[in-house]
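Visitor: I would like to go through this structure with you, one question at a time. Could you give the cut-offs along with each answer?

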Amino acid sequence: MSPRRRQGSLAWGSALAVALACCTAQAETFVWVDENGVTHMTDDPEAVPESLRGTAGEDVDRLRSLWGDRFEGPVPPTPPGGSSRDADRVVRWVRSAVEDLSRGEVARAAATLRSAQRLAPRSPEVHWYLALLNRRRGRYERAERHLEAFLAHAGEGHAPWRALAEKRLAALADERRLADATALEGPLELVDHNSSHFRVQLDADLGRVRKDYAPAVLGDLEQAREFVSSRVGVAPEEPLGVVFYGKAAYVRAHSH
């Protein structure tokens, strides 16, 4: 491969990595392109140039929508008027937190939900969204506790969410194992899954935890490729290589 083609492939691959990272980011992420055409990504809002603040997260929100990566869950009914009762205040806080989450303002939503929990520790909606936040931040034990609290306090009107909460509780055990380096047994096993545009190597443990993981990531990659190609106007001539690790397997493989 010529130096120019290699440089182009690296630049395109970096843009693809930004697309995928934005869709899985746990904290609010900001992306922008500077005057030299260099793409920047950070979770520190102070690092964003002042002239771009308020717009640097727009591409992230658009990219997340490709995979439907939204905070979804039960939303309490509209509060009856402007009452200052604790119950009404909690409803308004939860609805405000959901709106913040839809805009990617995760830190503010988390603070609001923690305040709501102090005021209404039995609110199923509060526990639902705190479970989602903690799970995305890798705090699996806290996420598990909030899901259990949700199930303990959710009523008949939350039936669809109860079923999903039970499934997520079962999945958390697998996620915790994949993040626990002490639970790894034997050497890392990478399994090949290829398409016309990608050469994917998948941590075998990920495939065992979720049978449809390989086709899911290949589908995500193809969507990201289409999105990035439409934005930059070119696409690689050769398939790109991508490796997917469980968290613990990645840490062990690259601990040096």
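Visitor: Which residue meets the side chain of Arg 108 in a salt bridge at 3.5 Å, N to O?
Guide: In this predicted model, local features need pLDDT of at least 70 and side-chain atom pairs count only at pLDDT 80 or more, while totals for chains, interfaces and linings use all residues. Residues are numbered from 1 along each chain as its sequence is written, and side-chain values use heavy atoms, with hydrogens and water left out. A salt bridge is taken as a side-chain nitrogen of Lys or Arg within 4 Å of a carboxyl oxygen of Asp or Glu. At 3.5 Å, N to O, the side chain that meets Arg 108 is that of Asp 100.

Visitor: Is Asp 100 buried or exposed?
Guide: The classes rest on relative accessible area with a 1.4 Å probe and protein chains only: buried is under 20%, exposed is over 50%, and partly exposed lies in between. Arg 108, at 48%, counts as partly exposed. Asp 100 has a relative accessible area of 2%, which means that this residue is buried.

Visitor: How far apart are the closest N and O atoms of Arg 108 and Glu 105?
Guide: Side chains of opposite charge can pair when their charged atoms come close. Glu 105 meets Arg 103 in a salt bridge at 3.7 Å, N to O, and Glu 105 is partly exposed at 22% relative accessibility. Glu 105 also forms a salt bridge with Arg 108, and there the closest N and O atoms are apart by 2.2 Å.

Visitor: Which residues are linked in a network of salt bridges?
Guide: The search of the whole structure finds 4 salt bridges. Arg 108 pairs with Asp 100 and with Glu 105, and Glu 105 in turn pairs with Arg 103, a residue that is partly exposed at 46% relative accessibility. The network therefore links Asp 100, Arg 103, Glu 105 and Arg 108.

Visitor: Which residues does Thr 112 touch, not counting those up to four places away in sequence?
Guide: Thr 112 belongs to helix 4 (residues 106-119), where helices are DSSP runs of H or I with at least four residues, strands are runs of E with at least two, and both are numbered from the N terminus. Thr 112 counts as buried at 16% relative accessibility, and a polar atom of its side chain lies 3.0 Å from the backbone oxygen of Arg 108. With contact meaning heavy atoms within 4.5 Å, the residues that Thr 112 touches are Trp 93 and Ala 97.

Visitor: How far apart in space are Ala 87 and Ala 116, C-alpha to C-alpha?
Guide: Ala 87 is part of helix 3 (residues 86-102) and is partly exposed at 45% relative accessibility. In sequence, 29 residues separate Ala 87 from Ala 116, and in space the C-alpha to C-alpha distance is 9.6 Å.

Visitor: Which residue in strand 4 is the bridge partner of Asp 192?
Guide: Two strands pair if DSSP finds at least two bridges between them. Strand 3 and strand 4 run antiparallel and are joined by 5 bridges, forming a hairpin with 3 residues between the strands. In strand 4, the residue bridged to Asp 192 is Gln 201.

Visitor: Which residue in strand 5 stands opposite Leu 202?
Guide: Strand 4 (residues 198-203) pairs with strand 5 in the parallel sense over 5 bridges. Strand 5 (residues 240-244) has a covered face of Leu 240, Val 242 and Phe 244, and an uncovered face of Gly 241 and Val 243. Opposite Leu 202 stands Phe 244.

Visitor: Which residues make the nonpolar surface patch of about 190 Å²?
Guide: Patches are built from residues with over 30% relative accessible area and no salt bridge, joining like charges within 9 Å and nonpolar side chains (Val, Leu, Ile, Met, Phe, Trp, Tyr) within 5 Å, and areas come from the Shrake-Rupley method with a 1.4 Å probe, only the protein chains shown counting as cover for residues. Leu 188 lies in the loop between helix 7 (159-179) and strand 3 (190-194) and is partly exposed at 32% relative accessibility. The patch is made by Leu 188, Leu 190 and Val 243.

How values were computed. A polar contact is a pair of N or O atoms within 3.5 Å; within protein, one must be able to donate a hydrogen and the other to accept it, and residues adjacent in sequence count only if both atoms are side-chain atoms.
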